Amino acid sequence: MGKIYEPSLPKLMEAIATEARGMKGLDRRNFLKGGIAAVAGLASVQIIPKASASPNLPPNLPKWQSHLGPGVVSKPYGEPAEFEDLQRRTVPWLTVDAASSISMTPLQDLEGIITPSGVVFERYHGGIPNVNPEQHRLIIHGLVERPLVLTMDDLRRFPSVSEIRFIECPANGGMEWRGAQMEALQFTHGMLACCEWTGVKLSTLLAEVGVKPDGKWILAEGADAAGMSRSIPLEKALDDTIIVWGQNGEALRPEQGYPLRMLNPGWEGNTSVKWLRRLEIGDQPWHHREETSKYTDLMPDGRARRFTWVQEANSVITSPCPEKPLKQSGFVEIRGFAWSGRGKIKAVDISFDGGVNWERTELKGLVLPKALTQFSYRTTWNGQPWLLQSRAIDETGYVQPTLKQLRDERGGWSIYHKNSIHTWNVMENGDVFNVQIS
Amino acid sequence: MFRFLRLIPLVLVMTFSVIVSAGPLGIGSVATPEMIAGWDIDVRPDGTGLPDGVGSVAEGEGLYEAKCASCHGLFGEGEGRWPVLAGGEGTLDTLHPEKTVGSYWPYASTLWDYIHRAMPYTAPQSLTDDETYSISAYVLYLNDIVDDEFVANRETFARVKMPNEENFYVDNRPDSKNERCFENCADPKAFEIVTTINGLTPTGHFKEDSGVAANHYDGNPSAASESGISKVKNDTKIVLSDKANLGKGVYDMACQACHNPGIAGAPKTGDKAAWVSRIDQGMDVLNGHAINGYQGADGVMPAKGGNMSLSNDDVINAVAFMVELSR
């Protein structure tokens, strides 16, 4: 912990640096323009701050201190500072229409494990319905003793729970299955968010309706234009599924299912049906479109896995990353997120040489089951190239696999559940590129 | 009289709550069979949920061409990048797998369920049960799973067997086993470092001086963030008429799916060259085509964009919106 990293394989890293210089296809001019002095080898890198004549800098009196600012409730609902650029972004060529598409969370800009509601990634199959909560109903029926229709007021009368849990699209990283594609953390890992969710446990609602003995599956259905539907086994429902109306201290955002959604902690995001209007208890799964045609994992032999619910342990370094290059030589805290759909993160390791040698990192802050977990490693960077990797281990003992291990099992066509170790190539000038080692 | 009538439902609800024993917490109201019937739309592989009704391949052909072909192609080949519905047999274990209804979907019931709940894309749950049977039958026919004589109803449809059904199996992960090794865990001499392909990533938000807005992709105007037309508006500072302003909401709901990307021969909104000859025909002709549908050498326009719940005025306003942005 906290030790200074010395390149253990200087020859290797030199070779990597040489190779990186010859990278094809990268437009590196833009990255070299910004006043960054690149110095070869292990010499120190210095960034010369642009000469600034700002009258706000010491020893001058800043202009914002010389007069009164706006008073209370100048903004009844606050927003980020005007200098911040926190926003969801999408990859327009990915999908054909915005109403059935996905945007990504700006992981590179997040502080701590809670994703602000306004930048939680979006995934819609038929756009965002504008649901009036007074006219919204949840019907629970099928193999039950007492079919019920519940208003939002009814739901809030039940004993509630609040849990911090991640939610992740199973296609997170899917663009990288066959090769490195995305030159930004937001696009390689941004179909991911972690919020505090408030609602009633589904087991509480099921006790209220009384599930009949042959009830084994639950169809969850949304009130959106896609009528989004997924089959959930009763075991999950009785374990930790929550029917959610609150997110990060306020009502759910429309993008996340206002006024009511399901949350299946640790499971692929689209099982957590948004704008939830109906739960039907049955004795078999329904095999609907989003669990047959989509969200099944095609294997190299042409067969496919179904009901691939769990999001296995995964991790990524968020600083540095392509959007947040190293700008200064000397001390650096390498930071990142790890998460596992099977429980708590037990440890995260880090490699500077593409996975040849590994060091233990420190977990910091809250370490919660099925939640983003922060890791940290303190070291010194003096302009040496790195092939940075992180490797998560969860409480079941599962070790995040290498890309090669995943491809050996699953080929390159399964789209979903790519949780392999990710590589950032840190260049001598501090720029960071997405690469794959095979 | 009016007051008296309003009391009746209350009395009914109270009667129900007396008859049906309450749950442990006694929260909520009885979901009546009528309520459930309206929302219980799901269909399962064993045929549970399939309603009465009937539809043939022959009837499905016309319906498909009017309501589906503009996105999915006349033969299920997919227009632009909309889903391909037919073909792809024998490709699943190749380097270019094509997952279609025929090559991949394990159950025919899924087709009925999905078409009924979510299609046409711009007008979900607008098809009747008979129409759903017909279109489902036709899509099966496009995949050579039924012949052209096939007539779908609850019994015949539940008997349809899909060719790829046996090739699905339940998740068997964890499948890869990594070790928590710390030293000499890989052979650096065997490393092959693969870099990204230039131009795929929207990087305007972190490349200095790139001049590309954050969520645009390399300045491609069709890739604008929202409705795809914001760029056009910004460039030309068009002031929309009241009619066109009313039409914008309709456009976003029913028209943009085809008119933003310009698929199925639909002229792209804002593409003056594509619109000029159309606008020259006069608004009456354009409105007529939009309301009643149009099929010509250059493309297919489903009546009201496939959303028959739109009024004629809605459609006329949306046409005004597109025309004003495109001349």
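Student: Is H141(A) buried or exposed?

Tutor: Good place to begin. This is a predicted model, and relative accessible area is the value to look at here, with under 20% counting as buried. H141(A) has a relative accessible area of 3%, so this residue is buried.

Student: Where is H141(A) in chain A, and which residues does H141(A) touch?

Tutor: H141(A) belongs to strand β1, residues 138–142 of chain A. Leaving out residues up to four places away in sequence, H141(A) touches P147(A), R278(A), L279(A), E280(A) and I281(A) in chain A, and also I36(B) and D40(B) in chain B.

Student: Now N184(B): is N184(B) buried or exposed?

Tutor: The cut-off for exposed is over 50%. N184(B) has a relative accessible area of 62% and is therefore exposed. Look for N184(B) in the loop of chain B between β4 (168–170) and β5 (193–195). Apart from neighbours within four places in sequence, N184(B) is in contact with V356(A) and N357(A).

Student: How does D271(B) count by relative accessibility?

Tutor: Values between the two cut-offs, 20% and 50%, count as partly exposed. D271(B) has 31% relative accessibility, so D271(B) is partly exposed. D271(B) sits in the loop of chain B that lies between α9 (242–259) and α10 (272–280).

Student: Let's turn to helices. At what angle do α5(B) and α6(B) pack?

Tutor: For a helix pair, read the angle together with the distance between the axes. Helix α5 (residues 108–118) and helix α6 (residues 129–142), both of chain B, pack at about 130 degrees, and their axes are 9 Å apart. Over 145 degrees would count as roughly antiparallel and 65 to 115 as roughly perpendicular; α5(B) and α6(B) are therefore oblique to each other. Their crossing is right-handed.

Student: Which residues make that contact?

Tutor: From α5(B) come L111(B), W112(B), I115(B) and H116(B). Among those from α6(B) are D129(B), Y133(B), I135(B) and V139(B). The contact residues of this helix pair comprise 7 nonpolar, 3 polar and 1 charged.

Student: What pLDDT does chain B average?

Tutor: Look at the average, then at individual stretches. Chain B averages a pLDDT of 83, with 82% of the residues scoring at least 70. In residues 1–19 of chain B, the pLDDT is below 50, and this stretch has 2 contacts in the model beyond near neighbours in sequence. Residues 208–236 of chain B also have a pLDDT below 50, with 49 contacts beyond near neighbours in sequence.

Terms used
Residues are numbered from 1 along each chain as its sequence is written. Chains are lettered from A and ligands numbered from 1 in the order in which they are written. This is a predicted model: local features need pLDDT of at least 70, side-chain atom pairs count only at pLDDT 80 or more; totals for chains, interfaces and linings use all residues. Side-chain values use heavy atoms; hydrogens and water are left out. Axes are lines fitted to C-alpha atoms, for helices over the stretch in contact, and angles run from 0 to 180 degrees between N-to-C directions. Helices (H or I, at least four residues) and strands (E, at least two) are DSSP runs, numbered from the N terminus. Angles under 35 degrees count as roughly parallel, over 145 as roughly antiparallel, 65 to 115 as roughly perpendicular and the rest as oblique. A crossing is left-handed if the near helix is turned anticlockwise from the far one by less than a right angle, and right-handed if clockwise. Contact means heavy atoms within 4.5 Å. Ala, Val, Leu, Ile, Met, Phe, Trp, Tyr, Cys and Pro count as nonpolar, Asp, Glu, Lys and Arg as charged, and the others, Gly among them, as polar. Buried means under 20% relative accessible area, exposed over 50%, partly exposed in between (1.4 Å probe, protein chains only). pLDDT is the predictor's confidence in each residue, from 0 to 100.
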